[in-house]
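Colleague: Please take one part of this model and go through it closely, beginning with a single residue and then moving on to a longer element.

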Amino acid sequence: MGRVAQAQAQENRQRVVDTASRLFREQGTQISVSDLMKAAGLTHGGFYKQFASKEALVDEATAHAFGEHAERRTAALAGHEGREAARQAFVEAYLSVEHRDAAADGCPVAGLAVDVARGSGDSEARRVYAEGVERFAEWLAPDDGDGIAQLSTMIGALLLARATEGSPLSEKVLASARATLTSDG
């Protein structure tokens, strides 16, 4: 295979991983390979040239989603003076209507929770998910607080807000959690 063909194959693979990462967070991992490849602008047959199985793609897309999420947290630190200011700004953005409405680009902890819970207990996706949850909780933990409790509040609030979208309760859930986790509380 020539250098151009290899580069194109790698570009196609990355496009599938990017697309899967977004669609899995938005629609769940039950999306068909055919629909996923169509969304990526590629043929169904091309999938099996790139991935051994759909499970292999789920593993890779999960890792990709957590990598993006870690980059956002790093960017939050760079954009604010002090860790606590960055954490508070991140929490406010996380518990916003915009994040609620953008599941495809949103948090993989919330977006993939149900699918990971229903999947195999020894999957690579579950291992990556657990590590991502731990890192996120560590990042959230204030000097005198518990990152797991904060993360649980954020994830629960986001899931409830998404499930009640269209009702006044949705924004009330976000506002309540935001006030609890920031200096507004």
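Colleague: What is the relative accessibility of A39, and how is A39 classed on that basis?

Modeller: This is a predicted model, in which local features need pLDDT of at least 70 and side-chain atom pairs count only at pLDDT 80 or more, while totals for chains, interfaces and linings use all residues. Residues are numbered from 1 along each chain as its sequence is written, and side-chain values use heavy atoms, with hydrogens and water left out.

A39 has 48% relative accessibility and therefore counts as partly exposed (buried is under 20% relative accessible area, exposed over 50%, partly exposed in between, with a 1.4 Å probe and protein chains only). A39 belongs to helix α2, residues 33–40 (a DSSP run of H or I, at least four residues, numbered from the N terminus). Once its neighbours within four places in sequence are set aside, A39 is in contact (heavy atoms within 4.5 Å) with T19 and L23. K49 lies 10 residues from A39 along the chain, and their C-alpha atoms are 17 Å apart.

The buried residues of α8 are A125, V128, Y129, G132, V133, F136, A137, W139 and L140. Because these residues cover an arc of only 165° around the axis, they lie on the same side of α8 (the arc is taken from the directions from the helix axis to the C-beta atoms). Among the elements that cover them are α4 (54–78), α5 (83–94), α7 (108–118) and α9 (147–163).

Key: Helix = DSSP H or I, 4+ residues; strand = E, 2+ residues; numbered from the N terminus.
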